[in-house]
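Trainee: Could you take me through the aromatic rings of this model, one step at a time? I would like to see how such contacts are described.

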Amino acid sequence: MTLSIPKSLLAVACAAATLAAVTGCGDEQSRSGRVPGDTLTIFSSLPLQGPHADEAQSIVNAEKLALREVGGRVGDFKVNFASADDATAGGNRVGWDPDKTAENARKAVENTRTIAYLGDFDSGATAISLPISNEAGFVQVSPASTAVGLTKFVPGAEAGEPEKFYPSGARTFARVVPADDVQASAGARWTRRLGARTVFVLGDRSLEGDGLSELYVDAAKQEGLRVVGQERMDPRAEDYRDLARDIARVQPDAVYFGGAADSNAVRLWRDLSAAVPRAVKVGSSNLLVPEFYGRLGTAEARTYLTSVTQDPRRLPPRGQQFAAEYRREFGVPPDPYAAYGHAAMTLLLDAIRRAGKDADDRDRVVEEALDTTAFESAVGTFSIDDNGDTSLDRLAGYRVRNGRLVFAAPLRGSPAG
């Protein structure tokens, strides 16, 4: 998921980074160096409550399954798994919580047996946890965080990205899911394939929504789309009839929205559908929640949503084998994110295996994880580049019919730059 962190929470991320730098997140025994004994712990932090609880639980199930496949051991080392919830389901905030995210990261640091950290689901959570885990010196692998600024600088990025997430000065983060620049590219290509020649681009006044919109603008130009307008909608507005009328005046073939469901997206979609009914309406994985697509009604017509995960039916043979094993073990089909949780865990287990007798050395495991090349996984064969990004470029596109997602097309994208 993209950097779902409003500006009011940036201070929390900065505070987490400051805490890591000042306190080292624990004593010297918990920082870098070797894990004592012959038992290693892989720590997971995901939102097990709130709107993404089902996806997160499926990821956890897949991580456990991957560990079970190796009998809970790699070489001479026993590998334990610790799962924590970074979400709350009450009060003013529902979903991942910055305080719980920071608390989980600190718990992982305080556990001297922690060799790696699996997280997070939301990029905003990773912006908080990563400086803490980085200062401690163990590798962090995300199955879902897509914000480009976590790994590299692109035009329009926040000041200090990505360096501010690595207070130790060393890179310790990798992700197995394509980043938002790849998603934006895939979205622009799909828009063009759908027959559009002109597009109006909307952000939502958030770092993630505006950032994804800017990435889409750049990708659209490369795909031969003419951007006929760009605006930032106000998520607090009662309606968007005036905005929709302004968009209708330039008669775009498509409208792209980079924002999230909680940015009043349903109201926006209904007003756009009334004003430009023939325009293709394209959104990102930020809208792949029932709270959005399940409430559109007639506005679901001509709606196209990109997903950074592949459709489970399109996974390679290894992925199909994983899906079958998941169904046998848990009695239900895996969520599309589950295969990426499995890939994240198997990548870590492979890095530990390659470290050999030094598998208890955090620095060595970081090195092996970031040196991953031509790795065969449930989501395909991929490598991790110098920034920590995956080489995977396969995504999925969905339509909305009768309030449900329907797979529409396999997509591919390219990284920016």
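Mentor: The charged end of Arg171 sits over the ring of Tyr166, 4.6 Å from the ring centre; a charge counts as over a ring if NZ of Lys or CZ of Arg is within 6 Å of the ring centre and within 35 degrees of the ring normal. This is a predicted model, in which local features need pLDDT of at least 70 and side-chain atom pairs count only at pLDDT 80 or more, while totals for chains, interfaces and linings use all residues. Residues are numbered from 1 along each chain as its sequence is written, and side-chain values use heavy atoms, with hydrogens and water left out.

Phe43 belongs to strand S1 (residues 39–46) and Tyr117 to strand S6 (residues 114–118), so the pair links distant parts of the chain, 74 residues apart; strands (E, at least two residues) are DSSP runs, numbered from the N terminus. Phe43 is buried, with a relative accessible area of 8%, and Tyr117 is also buried, at 1%, where buried means under 20% relative accessible area, exposed over 50% and partly exposed in between (1.4 Å probe, protein chains only). Phe43 and Tyr117 form one aromatic cluster with Phe138.

Technical notes
Helix = DSSP H or I, 4+ residues; strand = E, 2+ residues; numbered from the N terminus. Phe/Tyr/Trp six-rings, centres within 6.5 Å; stacked < 30°, edge-to-face > 60°.
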